[in-house]
Amino acid sequence: MNPFSSGSRLRDMIRAIRASKTAAEERAVVRKECAAIRAAISENDQDYRHRNLAKLMFIHMLGHPTHFGQMECLKLIASPGLPGKRIGYLGLMLLLDERQEVLMLVTNSIKQDLNHTNQYIVGLALCALGNIGSAEMARDLAPEVERLLKFRDPNIRKKAALCSIRIIKKVPDLAENFINPAAALLSEKHHGVLITGVQLCIDLCKISTEALEYFRKKCTDGLVKLARDLANSPYAPEYDISGIIDPFLQIRLLRLLRALGQDDTDASDAMNDLLAQVATKTESNKNAGNAILYECVAAIMSVEDNGGLRVLAINILGRFLSNRDNNIRYVALNMLMKALAVDNQAVQRHRATILECVKDSDPSIRKRAVELVYLLVNESNVKPMTKELIEYLEASDPEFRGDLTAKICSIVEKFSPEKIWYIDQMFKVLSEAGNDVKDEAWHSLIVVITNASNLHGYAVRYLYRAVQAVGEQETLVRVAVWCIGEYGDMLVNNAGRLDIEEPLTVTESDAVDVVEASFKSDSFDLTTRAMCLIALLKLSSRFPSCSERISSIIVQNKGSFVLELQQRAIEFNSIIERHQNISSSLVERMPVLDEATHSGRKAGSVPAAVSTSQGVSVNLPNGVAKPSAAPLVDLLDLSSDDAPAPSSSGGDFLQDLLGVDLVPVSSQSGTNQAHTSGTDALLDLLSIGTPPANSSPSTTQMSPSNVDTKSPVDLLDRLSSPSAPSVEVSTTAGSSPMLDLLNGFPSSPPIAVTEGNGPAYPSIVAFESSSLKLIFNFSKQPGDPQTTLIEASFTNKSQEVLTNFIFQAAVPKFLQLHLDPASGNMLPANSNGSIKQKLKLTNSQHGKKSLVMRIRIAYKVNNKDVLEQGQVNKFPREL
């Protein structure tokens, strides 16, 4: 017989394929076999149909196309015998999926097999439907599957339960049909049926709230009794694993109890004793016991509050951290991160063990432990925790050092109790891992140094010593060179020396040596070398005795092949040689950098629209351009703290710029004609916020969005978006141009305001999402109707603690906003506390335009950044 004929045995084909020495030989064997199978299919060979399909399944597993054999599956499924159906259903599940149109042809065959008298054929049909059933098949065959949940054979009931899970996932509307049959499965004695019934109930609870309530009322007590019986049951060899009776069923039961106890006090109370028993009596020296303990801990963390149980659960996780198995330690760290939001104090007790995990050899455990340590740090423990992390930084692996350095810098910046401690810790980090420090971190360090006038001498002397000791850390060299350039005279004169410092003698030549050596080092990049040139230029004015030496260094680079260095050298040489009379003023110390502005930019805020009481505005010298966050922010004049200019000031300028004749847009009243046409041109130019040209009002429904962005324009980038925050914004076609520019900020007719003590104004819910609720309370100062005082109150509706909480706001040009610091940056869960923040709004067009505000709220949940935005325009009309 030809070894590659359709009549050859499956084992012969497998042997021939495995004997192939190259991929080309294998493809040749497969091609010959496929050709023989095609010939047999075209001849309708029924004798070897099952054998050909078995070969096709093996060929399919090798990755070769087998679509030509799909119809053979259907023919075998329609055959009367069990052997043919068995191969047919196996081929159906392997060669096809739910997206194949051919699957529609098999629905009737499956329905007939579900009603077959042979239970094995019924089982084959259930397996096929449970694996590749589509939504259409689920709707057609759901009644048969529901009937089979009560079948006499337990294996069929088990398969029917698994098939039901797929049906309710594909068609959630059918979930209510399976609630009662699923509840009946929970009273089964057969563990196989019971475990599938429990899983079916879990999935029903996820899909249907009706099912969840039904199981809470009818099944909670029975499930608790069942789980207790399992935990206390004697030895049963058929279910025993490592001395524990059926841990798989126990785990499923705990998952179902967790779903039932979440947000339900009665159900939680019913299972508290069981959870305590499982947590205390389950052995943790075997993997099966640890799996049950983990599910028990997850259930305790999810059910309603029970302080004693949660402490017990966190102690179990602490024991997991001491386990030698890396997987157990990893899941314990994950669960502790979730537990941190529930009981921070209990997790803090295991701080030492968690810090040890940071030093683990497994990189995934190290990374997760660092994330957990970052969440554990607060004002009371920041010093010892930072000390431990910096000590480990010295011995950490290079690939892990970047993440660890970023976390340390963030911790030091966020929780530093005083500036000298912050500077010391940052210097240590720069000395140990300066090449891994991000630019934002050392930029922030320089800002802090400039603001600490009493520490200028201390900082420059510390850095001078550090560069001489570890000169290969480039970021350290950058900060040191910058400080030497700014405060080199304090380094030489020992000015501002603190009591904790050791005496240090540095000459002017020594200071120049450090900068020159850094400049000539081949290991540093262009940015560092350019900073060295600037420092040398500044030192030429501060150290007259070294002026000629510095000049010669600069002259040597006038012919540099690096264009940036060449240009700087030529310009700096010109300053030294030709402009001695102004050089001292050119190289004087940098002005104090505003910490609040820098922090706002790092957080992605819009400092233009919000002014804080902590920040002090800095007057920039002539010739220095004012940095703008983005063209749109500058266009809306949100980067200016000055009083808003008249709206007509930009019209003529824009007309000259664009070379067009701008005419005012006609409006319904004479007052509206006062607006200039420059705004309309801007609208056409930018295509933002233009309402449809009809007389009926249009309403835009906005919903909060979670986005991860740090652009300062993001607060305004959706002003024309059709989908944005949770407050409805109504606009009419007759609105003013500035209204169109800000996309629906409405104007209101003049409203009289009562003088004197002022009336009481109703509070409003300014913003509400699934996690947050923001309430505005209003008041006014007597005799100042234009100014509105707002107290914002934030509450957390979710079950997770919100950290790094930041509130930002932007207003249109006719309003001025002053935002005081918030009362905190952490919101407790379940509305157990609030954050207060005061705002001051000044309306330059009081009585003509209503208050409007765009808000953005940023926070972290489980170390994930979340951003929510909204628009508030339902202010009381009296304001």
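Which backbone oxygen lies 3.3 Å from a polar atom of the side chain of lysine 780? I looked this up in a predicted model, and the oxygen belongs to threonine 787.

**Entry 1: lysine 780**

I placed the residue before going further. Lysine 780 sits in the loop that links strand E6 (772-779) to strand E7 (787-796). Lysine 780 is buried, yet I found no salt bridge for it. The nearest side chain of opposite charge is that of aspartate 784, 7.2 Å away. A salt bridge needs a side-chain nitrogen of Lys or Arg within 4 Å of a carboxyl oxygen of Asp or Glu. I went on to list polar partners instead. The side chain of threonine 788 makes a polar contact of 3.0 Å with the side chain of lysine 780. I noted again the backbone oxygen of threonine 787, at 3.3 Å from a polar atom of the lysine 780 side chain.

**Entry 2: the sheet with E6 and E7**

E6 and E7 run antiparallel and are joined by eight bridges.

**Entry 3**

I turned to another open sheet, which has three strands in the order E8-E11-E12, paired antiparallel. Its edges are strand E8 (803-810) and strand E12 (864-872); each has one partner strand, so one side of each is left without a neighbour in the sheet. Neighbouring strands here are turned by 15° against each other on average, direction ignored. I checked the pairing of E8 with strand E11 (residues 853-861) and found six bridges in the antiparallel sense. Glutamine 808 stands opposite arginine 856 in E11.

**Entry 3: helix H12**

Last, I looked at burial along helix H12 (residues 209-218). Which of its residues are buried? I listed Ala211, Leu212, Phe215 and Arg216 as buried in H12. These residues lie on the same side of H12, because they cover an arc of only 135° around the axis. On the other side of H12, I found Thr209, Lys217 and Lys218 exposed.

Notes. Residues are numbered from 1 along each chain as its sequence is written. This is a predicted model: local features need pLDDT of at least 70, side-chain atom pairs count only at pLDDT 80 or more; totals for chains, interfaces and linings use all residues. Side-chain values use heavy atoms; hydrogens and water are left out. Helices (H or I, at least four residues) and strands (E, at least two) are DSSP runs, numbered from the N terminus. Buried means under 20% relative accessible area, exposed over 50%, partly exposed in between (1.4 Å probe, protein chains only). Lys and Arg count as positive and Asp and Glu as negative; His and the chain ends are not counted. A polar contact is a pair of N or O atoms within 3.5 Å; within protein, one must be able to donate a hydrogen and the other to accept it, and residues adjacent in sequence count only if both atoms are side-chain atoms. Two strands pair if DSSP finds at least two bridges between them. Axes are lines fitted to C-alpha atoms, for helices over the stretch in contact, and angles run from 0 to 180 degrees between N-to-C directions. The arc is that of the directions from the helix axis to the C-beta atoms.
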